[in-house]
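I'm going to look things up one at a time and jot down what I find.

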Amino acid sequence: MNKIIKNLALLLTVISSTGFAQNQKAPETLTSLVKQSLDFYPKIKEQQQAVEISSYKTRMAESHHLPTVDFSASYTRIDPVGTIVIPLPDNPISAKFFPNNNYNTALNVRQTIWDFGKTTASVDKSKSEEALSKDGVESLKTTLAYQVANFYYSIIYLQKAIVVQQSQINLLRENEKIIADRIKNGDEIDYNLVATQVRYKNAETRLVDLQTQLDKQYILLSTVTGKDVKNSISADADFSWTQTESENNNWDLKIAKDREQIALQDLSIASNNAKPTLAFQGSAGFKNGIVPEIQRFRFNTVAGINLSIPIYEGHRIKQQQNIAKLSYKMSQYSTETQQLTVKSDVEQALNDIKAARLKLEMYGQQVEQAQYAMKLANSRYQNGVITNLDLLSAQTALEEAQLGELQYKYQLVLAQLQLSRLNGAQFWQ
């Protein structure tokens, strides 16, 4: 397990040396959208209520260190009551042991003196549960923030893909006009015009698909921010992403460790159940029925020490201890599993970044080559050196190169987002 932790820490440290900019802010529009989402999203407010509940539970557990004080008052009617008669010659005397009407008022105090760590263990568990709730809020915020970031960059990708597609449509439209004019002059055949029109319609269909996907992303983004944010992201926005300094604060792993700590404290509580409890009990008040003046209300006090030692409880405490031990072992395995998952996800994210950068570099070169080829094809087509099919091929090659470059820019920023999320970076702060 220690080896896993060391390897994981090493991987997360690599984040700060993967080549992105350091100590800069995320895009202002993205930060604003994230803050809107965090302020609005009901699930976060629900989790914040859970934190408050945990806080009250901690205070309630701590209150067991304090004394318990209550006031009691009682009335009891007794019939008949025991009477003693002293037979004197002239005037026999009778006396009652208790009055028929008995009244008792008292202020009662109970204070645990020593419980061998039972209360302390319960308090520690409540504090750990409160910490788990707080970490749950931060984990949920981080998940939501990166979800917004994914929507944000998806919208940027689709907007730029639409620009590329629209440019292709414009080229096809111009090409269609040129072919139509040439057909009138007898310099072109109808087949080339039909082929161009088919490509034009296909390009229009892809444009509609891209626009539909863009609208869907805006709907999703509006849902998590609580307001209409359509067209809020500039068409000039780019894929810039800033990696913050390495934090090594994976929230999923932190929550797993919180649960492991709670399981350990459950084991402590179960172990302490077999220990004795020493407590002070006392009361002070007024009552009647005190001999010899049984009808008179008199001040009285009671004080004592109570020692409770468990002897036999049907092996329930032993079974609780066994369950707690197994639960703690399960939580340890769960933490180890989470560590392996994070380690694997970090390695995959680093690999995706490396692959995206290599492919992006290659597509950058392809775009330059395709643009040059397109320039040559246009010139040659104007001069009648190449056919319409050759020109369409050059246009298609350019579009594919541009979309490929765009795709890997998008994949690169997604991989960087994944790496930042695994690291627990709160870029919106």
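Which strand is F299 found in? I looked it up: F299 sits in strand β6.

Ground rules first. I'm working on a predicted model, where local features need pLDDT of at least 70, side-chain atom pairs count only at pLDDT 80 or more, and totals for chains, interfaces and linings use all residues. Residues are numbered from 1 along each chain as its sequence is written, and side-chain values use heavy atoms, with hydrogens and water left out.

**Entry: F299 and its patch**

I checked how open F299 is. It counts as exposed because its relative accessibility is 54%; my scale is buried under 20% relative accessible area, exposed over 50% and partly exposed in between, with a 1.4 Å probe and protein chains only. F299 also belongs to a nonpolar surface patch with Y75, Y103, F286 and F297, and together they have about 550 Å² of accessible area. Patch residues need over 30% relative accessible area and no salt bridge; like charges are joined within 9 Å, and nonpolar side chains (Val, Leu, Ile, Met, Phe, Trp, Tyr) within 5 Å. A salt bridge here is a side-chain nitrogen of Lys or Arg within 4 Å of a carboxyl oxygen of Asp or Glu. The areas come from the Shrake-Rupley method with a 1.4 Å probe, and for residues only the protein chains shown count as cover.

**Entry: the sheet**

Next I traced the strands. Helices (H or I, at least four residues) and strands (E, at least two) are DSSP runs, numbered from the N terminus. Two strands pair if DSSP finds at least two bridges between them. I found an open sheet of four strands, ordered β1-β4-β5-β6, with antiparallel pairing. β1 (68-77) and β6 (298-308) are the edge strands, each pairing on one side only. Neighbouring strands are turned by 20 degrees against each other on average, direction ignored.

I zoomed in on β4 (residues 101-114) and β5 (residues 277-287), and 10 bridges join them. Q111 stands opposite F280 in β5.

**Entry: the hairpin**

β2 (residues 83-86) and β3 (residues 93-96) pair antiparallel over four bridges. A hairpin of six residues joins β2 to β3. I84 has A95 in β3 as its bridge partner.

**Entry: the core**

Which residues have the most contacts inside the largest nonpolar core? I got L30, Y153, L221, I233, W241 and F427, in a core of 43 residues. A nonpolar core means buried Ala, Val, Leu, Ile, Met, Phe, Trp, Tyr and Cys residues joined through side-chain atoms within 4.5 Å. α2 (28-40), α4 (118-185), α5 (190-225) and α8 (388-423) each supply at least two residues, and α4 gives the most, with 16.

I found a cis peptide bond from D79 to P80, with omega near -15 degrees; P80 is in the loop between β1 and β2. Another cis bond runs from V291 to P292, with omega near 10 degrees, and P292 is in the loop between β5 and β6.

Then I looked at phi. F116, not a glycine, has a positive phi of about 55 degrees. F116 lies in the loop between β4 and α4 and is partly exposed at 30% relative accessible area. N231 isn't a glycine either, and its phi is positive at about 65 degrees. I placed N231 in the loop between α5 and α6 (251-272), and its relative accessible area of 62% makes it exposed.

Definitions and conventions: Axes fitted to C-alpha atoms, helices over the stretch in contact; angles between N-to-C directions.
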